[in-house]
Structures are given as C-alpha cells and as structure tokens.
Amino acid sequence: MKETAEPVNKEMNHLQLLIQRMAGLESRYDPGICMLRSPFSSPGYHTTLNQAEFIHSTRDSLSYALGLLDTELARYEQRAFDIIRQVISLQDTDRSHATFGIWSWFYEEPLHQMAPPDWNWADFCGSRLVQAIARHGYRFPDGLREDMIHSIDYACEAIIRRNVGPDYTNIAIIGAFVTRIAGEQLGREDYAAYGLERLRKLYAHTMEHGAFKEYNSPVYTYIAILELSKLQSETTDSTVKALTGELLDLTWKTVAGYYHPATAQWSGPHSRSYGALLNEQSKAFLQMATGGAVKFFPWKELPYEEEWYRSGIHCPPAYLAGFTSPETKEVRQLLEGEGKGEGQMDGGKWAVTYMTPQFSIGSFTHSDLWNQRRPLVVYADNHGQPAYIRLRCLHDGYDYCSARFKSLQEAGHLLFGVDFITDGGDTHPNLDRTGGIIEAADLRLRLEIGGCLDGIIAGPTEEGAGIIIGGTAFNLTTWFAAFSGHAGAVRSWAWEIHNAEDSINIDMILYTGPSRSIDFTSLQQAALVFSLEVQPEEEDEVYAEPVLEMTDDGRGLRVNSSGRDGGFLLQLNPGPAK
C-alpha cells in the first residue's frame with residue numbers, strides 16, 4: 001500500500017519526470033485542431049454535451065502547452081505555440097458580453113451553448129498563459145506574444161469585474177495569482193495592486209476563521225497548495241511571499257493533522273471531495289511534497305503532473321511527522337458561527353474528527369448530502385489496506401442534495417440525524433431546485449462500505465446493523481425513523497444489506513416502486529435519527545440512549561446525547577416550500 005521513508009527526494013528528477021509526462025501525452029495531441037484530446041466526462045452541470053465520446057479541453061490544452069515549453073526541448077516549441085494560438089482564439093473578446101474574457105470548457109461547445117458558462121475559466125486559462133509568458137515570453141514570436149498579452153488582459157478584466165470573495169477559496173487564490181503576476185510581468189500596476197489586495201482579503205478571512213471555506217477538502221486543499229506555491233514562486237514581491245508563506249503553513253498543518261498513516265487516507269469530514277479514497281494524483285502529490293515521507297510509487301514511476309514543475313511545492317519539515325506517526329487524538333474546528341457550543345442548537349458549524357492508529361471517524365455538525373460532501377466518513381485499517389464508510393441519501397441512485405445531515409460526535413461515538421428541506425436542489429445545491437417535489441422510483445439512505453472489502457463482516461442487528469473491519473467493530477443503531485404521508489410509504493425501518501461489485505451497501509429504503517411524485521411539503525413526518533459508534537471494549541463505556549423530544553408545535557425533533565449540552569434540531573415536518 002505505502003512505505004515510509006526519510007523526508008528526502010534525492011531520487012526525484014523533476015525535469016526528467018516532466019519530459020516523461022509530455023511523452024505520455026503525445027498520443028492525445030490532435031494536430032488537426034492543435035489541442036489535447038480527452039475522453040468526455042462531465043459533472044452534470046455547465047456543459048450541455050452528453051453524447052460526445054471525446055472532447056478538446058481549453059484548460060488541459062494550455063497546461064500541456066506550458067509543460068511542453070517547460071521541458072526546454074526545441075522539438076516541442078512550435079507545438080506549444082500552435083496550441084496557445086488556437087486556445088487564445090476561443091476566448092470571448094467582446095466587452096459587451098457577460099462572458100467577456102472567459103473560455104468555454106471544450107472546443108466542441110461554444111460559450112453560448114453552455115448552461116451556464118463557467119466564469120472560473122478566466123482564472124484557470126489565464127493562470128497558464130501568465131506562467132507561459134513569465135517563464136518563456138522571450139521565446140514567443142512577436143505576433144503571438146502580443147496576442148497573449150491581450151488575452152491575459154481580457155482574463156484579468158474578467159477576473160476583476162467578477163471580483164469573487166475570499167470564501168471562494170481556490171478561485172480567490174487563482175485570481176490573485178493571475179492578476180498579481182500579470183501585473184508584475186506586464187508592468188500593470190492596477191493588476192498587481194488588485195492581486196495583492198485580493199490576497200490580503202483571503203489571508204484576513206482565512207486567519208479569522210482558522211481554515212479555508214472548503215474545509216479539509218482533498219481536492220480544493222490540493223489546489224490551494226498548488227496555486228499558493230505558484231504565486232510564492234513566481235512573485236518578486238516580499239509582501240506576497242510572506243502572505244502566501246503563512247497561508248501555506250496553515251494549509252499543510254491541516255493536511256498533516258488529518259492524514260491517517262495506517263490507511264494512508266485523508267481523514268474526514270470533507271466539505272468537498274470527488275472520491276472516497278485518495279486517487280493516484282493525490283498520492284503522487286503527497287509523495288512529492290513530503291519528499292518521500294509517504295511513498296506510494298517508485299520515483300521513476302511517479303504519475304507526475306506538469307503543473308508541479310517549478311511550482312515550489314513542499315511540506316514544511318515541522319509537519320512531516322504527521323504523515324508517519326500514528327496517534328490517538330480528537331480534532332475540533334469551528335467553521336462558522338460564534339462557537340458557544342458544539343451542537344446545532346447552540347449555533348456554529350463544527351468539524352469533528354477522532355483518530356486512532358486503527359481508524360478515523362469524522363463529521364460535520366450540519367451539512368447537506370450533495371455528492372461532493374462527506375459529512376460522515378470513516379476510514380479503517382483492513383489488515384493493511386484502507387476501507388471506508390460514508391453516509392449517502394440516494395434519489396434514483398444519485399445523491400439527493402435536499403437531504404440534510406446533523407450530528408453530535410464525541411470520540412468514536414456519532415449521533416446523527418437526517419431531515420429534508422423544500423427549497424434546495426436535487427443533484428446540485430442550487431442549480432436544480434426541486435420546490436419540494438420530486439419524481440422518484442427509489443429514495444433511500446445508504447451507509448456505503450468501500451475500499452478493500454476482504455474479510456469485512458456486515459450484518460443486521462435488532463437495532464440496526466453491525467460492521468467489522470479488520471479488528472474494529474462498528475454499531476449502527478436506529479433511534480427514530482419517520483417518512484410518512486405519501487402513497488407507498490415504507491412501514492418497516494430495518495436496514496437491508498446488499499453486496500455490490502465494489503461496495504457493501506447498508507440501506508434504509510424510504511420508498512421504492514413505480515415512479516411517483518413525492519411532495520415533501522405535504523409529508524406528515526420526515527426525519528430519522530441514528531448512531532454510529534465504535535464498539536466499546538468495556539461495558540462501562542457503553543453510551544446512553546439519546547434524548548429525543550418533540551418541539552411544542554410538533555414540527556421539530558430535539559436530539560441530544562444524554563447528559564450533554566447542545567444537541568441538534570430536526571425538521572420533523574418539512575412544511576410548505578419557502
């Protein structure tokens with residue numbers, strides 16, 4: 001799975017790995033279009049394409065072009081110029097358009113066909129062009145260099161016009177990078193001043209809250225480290241270097257604090273995540289950044305990314321021990337609110353994580369259940385391989401955003417509830433609002449077990465279900481369940497256990513049958529309360545039953561751990577759409 005090693009990277013040759021990476025992309029270059037060709041994939045929003053087999057990505061093509069130039073190999077130079085010239089031609093240069101200064105995702109889909117266009121592409125594409133002109137501007141033909149300068153100007157104007165706030169972390173960083181470095185390279189003091197001020201706002205916001213808005217997100221923390229490192233490496237300004245240095249220190253402290261050595265996973269909860277287990281890119285990034293303190297690949301076979309070249313990415317030595325030294329600890333981080341208490345009823349949003357050498361369990365005090373959220377996630381050592389447990393709510397097989405999660409966690413005991421809102425989205429928090437009514441052939445809660453499934457035992461119990469992973473036993477208990485007031489409402493609240501190809505699914509079915517309308521605004525009751533806990537070794541460590549109380553108006557359910565202040569309130573009757 002992984003090895004541990006001293007934090008050195010004498011075996012790592014960045015230039016050699018970059019050249020190897022460029023050679024690996026050779027077969028994907030399309031000389032007819034002068035862009036990089038990729039299999040089509042989509043998150044389900046922004047793009048209207050759904051039948052394409054292959055696409056040509058503007059952002060990925062510019063990354064490829066920059067990587068070609070960074071090799072300093074003469075044979076790649078003309079190809080890089082051709083790609084940049086082509087992608088520049090796809091930018092919206094009409095200032096009367098709302099999309100001025102941005103690009104579409106794909107060559108195959110013009111901006112006006114996207115629904116909606118993605119304004120982040122001014123930042124993503126602009127950053128590649130800024131790096132290309134900063135590192136290789138002297139190599140470009142005069143005409144192309146002038147075109148690049150105009151394109152960078154347009155991207156900067158779009159970024160400044162949009163002016164995202166510091167709570168949109170990755171775009172706040174990338175926009176600061178584009179404008180600051182463009183200002184330094186092109187002699188534009190207005191761009192440089194804007195970039196510095198944007199960085200200062202991000203710094204103040206982050207230090208005030210003690211964390212980025214996208215808290216403990218494997219994908220967005222990676223982007224933050226990458227882009228802050230680029231900014232620190234490319235800038236000549238001491239103030240920018242100091243601000244980025246402090247932000248990077250805070251970020252690496254978070255990464256090292258959540259890394260779980262036994263499973264080689266990034267402990268939850270995650271505000272945004274694209275997968276349950278670390279992907280190859282994340283593993284390679286951690287190996288490179290820690291200099292081999294964690295080692296997943298032979299150095300010569302490291303799946304290198306062209307963006308890492310000359311980016312100055314490294315984990316501070318003070319945090320390397322977090323990647324190799326197992327320990328038992330609890331981490332509590334206030335993310336929003338005043339933090340008077342750690343329960344939902346006391347205000348504030350907390351992230352809570354409990355880690356031992358064998359497992360980690362993390363939760364948010366409240367969250368939606370969008371497919372990119374991980375408000376309840378467990379990682380457990382399955383005899384040297386990682387396994388995970390995560391909670392989902394599925395509407396016809398896809399994660400349902402209008403299911404809402406609330407919890408209290410103390411060490412390895414998690415008390416949590418699920419209720420439903422009527423003014424939220426279906427597959428996305430705000431792009432496809434339901435109005436409280438959905439068409440469904442299936443609606444269920446799922447505790448999904450994945451990763452290495454060898455030897456895992458999952459079975460029903462009188463109160464819920466039991467799970468054994470490696471040497472660790474988990475108990476799932478149902479304390480309250482109601483989903484009533486629609487035709488076909490389920491009367492039995494037992495968990496069903498199904499073995500799938502790559503997961504073990506513990507499901508509580510809310511509805512299954514012919515497709516029908518479920519109107520949450522008219523349900524009599526819709527709320528569920530459970531606990532998930534590591535089975536205690538001693539009988540006197542058994543947790544008491546939770547305290548459940550109806551609100552005076554009968555529309556809510558107060559949930560609390562016995563003898564503990566705080567608790568959370570579930571909306572027992574969703575009521576009319578707001």
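Predicted model: local features only at pLDDT ≥ 70, side-chain atom pairs only at ≥ 80, totals over all residues.
The structure holds 24 aromatic pairs. A pair of aromatic rings is described by how far apart the centres lie and by the angle of the planes. For Tyr354 and Phe359, the ring centres are 6.0 Å apart and the planes stand at 55 degrees, so this pair is tilted. Phe359 also pairs with Phe474; here the centres are 6.0 Å apart and the planes are at 80 degrees, so the arrangement is edge-to-face. This second pair links distant parts of the chain, with Phe359 in strand 10 (residues 359–364) and Phe474 in strand 20 (residues 472–484), 115 residues apart. Elsewhere, one aromatic cluster is formed by Phe40, Trp105, Phe106, Trp121 and Phe124.

Attention now turns to a pair of helices. Helix 6 (residues 169–186) and helix 7 (residues 189–209) have axes that come within 7 Å and cross at roughly 150 degrees. Because angles over 145 degrees count as roughly antiparallel, the two helices, helix 6 and helix 7, are roughly antiparallel to each other. The crossing of helix 6 past helix 7 is left-handed. Helix 6 contributes residues including Ile171, Ala172, Gly175, Ala176 and Thr179 to the contact, while those from helix 7 include Tyr191, Tyr194, Gly195, Leu199 and Leu202. Sorted by class, the contact between helix 6 and helix 7 has 12 nonpolar, five polar and three charged residues.

Notes
Residues numbered from 1 in each chain as written. Heavy atoms only, no water. Axes fitted to C-alpha atoms, helices over the stretch in contact; angles between N-to-C directions. Helix = DSSP H or I, 4+ residues; strand = E, 2+ residues; numbered from the N terminus. Parallel < 35°, antiparallel > 145°, perpendicular 65-115°, else oblique. Left-handed = near helix turned anticlockwise from the far one by under 90°. Contact = heavy atoms within 4.5 Å. Nonpolar A, V, L, I, M, F, W, Y, C, P; charged D, E, K, R; others polar. Phe/Tyr/Trp six-rings, centres within 6.5 Å; stacked < 30°, edge-to-face > 60°.
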